[in-house]
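Please look at the sequence and the three-dimensional view together, and keep both at hand while reading. The report below moves from charged side chains to rings, then to a sheet and a helix.

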Amino acid sequence: MTRRRVESIPDAVRVTEGLRHTGYTPETAIADLIDNSIAADATEVGVRLSRGFDNTYTVWIGDNGCGMDESTLIRAMQYGSSRELARNKLSVYGLGMKMASTSFSSRFTVVTREKKGKAYSATYDLIEMKDHPWSFEVGEATEDHIVALNETAGSGSGSVVIWENANFNISEQNPKKKRMVGKPKNLDKDIENYLGLVFHKFMEGPNTGTNSLEIKVNGNRVTPFNPVHADFLDKEWVPIVDKFTVEVEINGQTESVPYILTTYKINGEYDAPNKPGALEASRMGMPTQGIYPYREGRILQKPDGLNVISFHPDWNTMRVTLDLDP
């Protein structure tokens, strides 16, 4: 029997539309783009949201990282871009920037510039996918694009991702649905709080192996929130450290991959013997209880039971960190 190989190119409209519905919230989408900024050795990230009369937003997520030349930009815009472009282990599949951007906007632009180089931009428009599948426009950046780039990068190197007409009416995830319909109550504050949690180790100092990071949302500096900061831990409780391994097949070999669970107790009755204001700073309550999964110093999501523990008011003072091997 004769067999032949057939090239199977996925339908651009259906695939890109399907990738838009993967459960992103505005804050998780922006966090995925900041992963790229960290990979580019950025020390500053600026997020700007401007609401239009139609209640959609123009969003800039910019940084002062290393930037890209035109050829690298073209490769970065590819769905499933090469692993060679991933400058750290936070980037896995080469899909984050595209999926995060198109979750809320059908048209987004990446503007970038290397040190002492020209500024280039590339634009994906999903509405044009039917007539121009898997293609995008690229070339030298326009004056408006450079204005957006310079807000965080100044005259140096950096990149900015621009979302046009972003629709944030769909805001929160729900266990029973991909998304819940409804406008965010306080979009700026939700984003600030989430970024302050997820990237607190990067903002607190260079102990993660990257530059100390400053993040601003509409000009307001984001305050890092360490859920197990020493200032509000119970001084009479010694954290419990549990170390485990899981057997994983990697390149045909079985390896024992470690992960670590550390259980902390918050002093949830009064400030003493902690610092004044520590109880309020701890944000103790149901929304902050549970397991905080870390990977490469980054919190992967809001605290969750991860099918291990259930939420209960009696456990408000318990917080668990899960350190995962990348």
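Which side chain meets Arg-221 in a salt bridge? The partner is Glu-214, and the N to O distance of this salt bridge is 3.4 Å. Arg-221 counts as exposed, because its relative accessibility is 58% and exposed means over 50%. It should be kept in mind throughout that this is a predicted model.

**Salt bridges**

Side chains of opposite charge can pair when their charged atoms come close.

| Arg-221 | Glu-214 | 3.4 Å |

**Aromatic rings and charges over rings**

A pair of aromatic rings is described by the distance of the centres and the angle of the planes. Nine aromatic pairs are found in a search of the whole structure. In one of them, the ring centres of Tyr-57 and Phe-168 are 5.2 Å apart and the planes stand at 40 degrees, so this pair is tilted. The pair links distant parts of the chain, with Tyr-57 in strand S2 (residues 57-63) and Phe-168 in the loop between strand S6 (158-166) and strand S7 (170-174), 111 residues apart. Tyr-57 counts as buried at 15% relative accessibility, and Phe-168 is buried with a relative accessible area of 2%.

The rings of Tyr-124 and Phe-136 also form a tilted pair, because their planes stand at 55 degrees, and their centres are 5.1 Å apart. Here Tyr-124 lies in strand S4 (residues 119-125) and Phe-136 in the loop between S4 and strand S5 (137-140), twelve residues apart. Tyr-124 counts as buried at 2% relative accessibility, whereas Phe-136, at 22%, counts as partly exposed.

Which residues do ring pairs link into a cluster? The cluster consists of Tyr-57, Phe-104, Trp-163 and Phe-168.

Rings can also be looked at together with charged side chains. The charged end of Lys-201 sits over the ring of Tyr-294, at 4.4 Å from the ring centre, and Arg-283 lies over the face of Phe-225, 4.1 Å from the centre of that ring.

Strands of a sheet pair through backbone hydrogen bonds, either parallel or antiparallel. In this model, five strands form an open sheet with mixed pairing, and their order is S11-S12-S15-S13-S14. Strand S11 (240-250) and strand S14 (298-299) are the edge strands, each of which pairs on one side only. Strand S13 (residues 290-295) and strand S15 (residues 318-324) run parallel and are joined by six bridges; Ile-291 has Val-320 as its bridge partner in S15.

**Helix H5**

On which side of helix H5 do the buried residues lie? The buried residues of H5 (residues 143-153) are His-145, Ala-148, Leu-149, Thr-152 and Ala-153. These residues cover an arc of only 115 degrees around the axis, which means that they are on the same side of H5. Glu-143, Asp-144 and Val-147, on the other side of H5, are exposed. The buried residues of H5 pack against several strands, namely strand S1 (44-51), S2, strand S3 (107-113), S4 and S6. Just after H5 comes Gly-154, which takes a positive phi of about 65 degrees.

Definitions and conventions: Residues numbered from 1 in each chain as written. Predicted model: local features only at pLDDT ≥ 70, side-chain atom pairs only at ≥ 80, totals over all residues. Heavy atoms only, no water. Pairing = 2+ DSSP bridges. Helix = DSSP H or I, 4+ residues; strand = E, 2+ residues; numbered from the N terminus. Phe/Tyr/Trp six-rings, centres within 6.5 Å; stacked < 30°, edge-to-face > 60°. Buried < 20%, exposed > 50% of the residue type's maximum accessible area, 1.4 Å probe, protein only. Lys NZ or Arg CZ within 6 Å of the ring centre and 35° of its normal. Salt bridge = Lys/Arg side-chain N within 4 Å of Asp/Glu carboxyl O. Arc of directions from axis to C-beta. Contact = heavy atoms within 4.5 Å.
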